[in-house]
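Hello,

Below is the structure I said I would pass on. My notes follow it.

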Amino acid sequence: MVSAGNAVVLGGSMAGLIAARVLSDAYDTVTIVDRDPLPDGAAARRGVPQSRQLHVLLAQGRRALDELFEGLSDELSAAGAPLVDLHDQVHWCNDGHPMRRAASDLVGVGVSRPLLEGTLRARVRKLGNVRFCPPAEATALLSTEDRGRIIGVLVTPRVGAAYPIHADLVVDACGRASRSPVWLAELGYPTPPEQRVPVDVTYVTRTYEREPGHLDGLLGALTNAVPGRPRTGIVAAQEDGRFAVALSGMLGEQPPADHEGFTRFAESLGMPVISRFVRDAVPVGGPAQMRYPASVRRRYERLRRFPLGYLVVGDAVCSFNPVYGQGMTVAATEGLLLRSVLAGGPEQLARRFFRGAGKLIDGPWSIAVGTDLRFPQVPGPRSARVRLVNWYVHRLHAAARTDAVLGEAFLRVLNLVDPPTRLLRPAIARRVLRGGGGAEPVPPAGVTGGR
């Protein structure tokens, strides 16, 4: 790529670090602006309140980050983060049906958010043309007199007067706190159409010591929410010989943070492998609670007018229900997209990026929103297609009790390796319809998973 002046990235979290890595190949200098002092190592920080929660890096996200940060999986593994065969080393229980396990190439990494983000930040710090400015908040965009191009950003430090940083490209990676819609409106641009799906999720994460016999020797467990029981439980191995457990409730259900209440909530999931672990394992540190009101998608690809020299990425474009673990993986794949569109030159950069991002987001958005719409209390249109797909996937889960091919097909879609339409291929559909009869929508008690 040809060097092209200075780029500024607003936000130093996952999406911002990924964007900075990509931009470092295309610009002479890249400046990262964040309101927090950024730690040198792995540490939770105020600007990422979800950093103490269990995070999942899906298989496609791990692949994308390995492409952008060569050898990252090996580095995380060397730091103690286990590499996990997501089909063979995890107890899956979907809609009450334990999934048959089998070896696969769907490899995830069990890593805490602080370690993953800290590792990426250390990689970015080593790039010779990237600098982190002192803690400061971006407070306004700078534009040409005709407002047709963004030429920088005004930042306000914690101490001292505001000052400008001039740039040839500004990238908003500020997440759900993004002010891009407000800034665009102030410059006379339309704001992006917004889709909002209220889910009212509350989740609590606790960390425990990991022992060889836990989870029957596997490295994870998951049971999903179903209509009538909008509760989810996830257990995932992490670095430092620990398991993280995230219990969540939709539609106002709230997991208690105390040990007894947390244990009772785990028992209500009907998956003994999780409830036994929560009851018997030794906790490390205290619980962390987070509330997530709604999934939000801003359709920047639908705007006909947009200033030159400006992009929006990551959760600032689309923030998903965290239960599905899609956010970091989508940010990573957007990084690959950004690298591709930058190689095509500056002409129509925003248009090409937003169109590509829209296509990337379509799949995970349809998975998250389509699944949430199974719950009658979640507002939103339920087309015949949505109802049919939910019925079909429910039958797939029932058939995957004994058919490992269907389990892998589902996990490839869940991990964003394949698009959701791959589940409708004739060869898969025949297996679903042949094996999915008699499925019960409510999980039976005593489900532990099988092989």
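**Notes on the structure**

Cys318 is buried, having a relative accessible area of 2%. Please keep in mind that this is a predicted model.

Cysteines: the structure contains 0 disulfides. Cys318 takes part in none, since the nearest cysteine sulfur, which belongs to Cys174, is 17 Å away, whereas a disulfide needs two cysteine sulfur atoms within 2.5 Å. Another cysteine, Cys93, also counts as buried, because its relative accessibility is 1% and the cut-off for buried is under 20%.

Helices: H8 covers residues 327-343 and H9 covers residues 349-372. The two pack with their axes 10 Å apart, at an angle of about 150 degrees. H8 is therefore roughly antiparallel to H9, as angles over 145 degrees count as such. The crossing of H8 past H9 is right-handed. On the H8 side, the residues in the contact are Val330, Thr333, Glu334, Leu337, Leu338, Val341 and Leu342. They meet Leu349, Arg352, Phe353, Gly356, Ala357, Leu360, Ile361 and Pro364 of H9. By type, the residues of this contact are 11 nonpolar, 2 polar and 2 charged.

Strand E12: this strand runs over residues 194-209 and includes Thr207. Is Thr207 buried or exposed? Thr207 is buried, because its relative accessible area is 19% and the limit is under 20%. Apart from neighbours within four places in sequence, Thr207 is in contact with Arg242, Phe243 and Ala244, and also with Val282, Pro283 and Val284.

Regards

Key. Residues numbered from 1 in each chain as written. Predicted model: local features only at pLDDT ≥ 70, side-chain atom pairs only at ≥ 80, totals over all residues. Heavy atoms only, no water. Buried < 20%, exposed > 50% of the residue type's maximum accessible area, 1.4 Å probe, protein only. Axes fitted to C-alpha atoms, helices over the stretch in contact; angles between N-to-C directions. Helix = DSSP H or I, 4+ residues; strand = E, 2+ residues; numbered from the N terminus. Parallel < 35°, antiparallel > 145°, perpendicular 65-115°, else oblique. Left-handed = near helix turned anticlockwise from the far one by under 90°. Contact = heavy atoms within 4.5 Å. Nonpolar A, V, L, I, M, F, W, Y, C, P; charged D, E, K, R; others polar.
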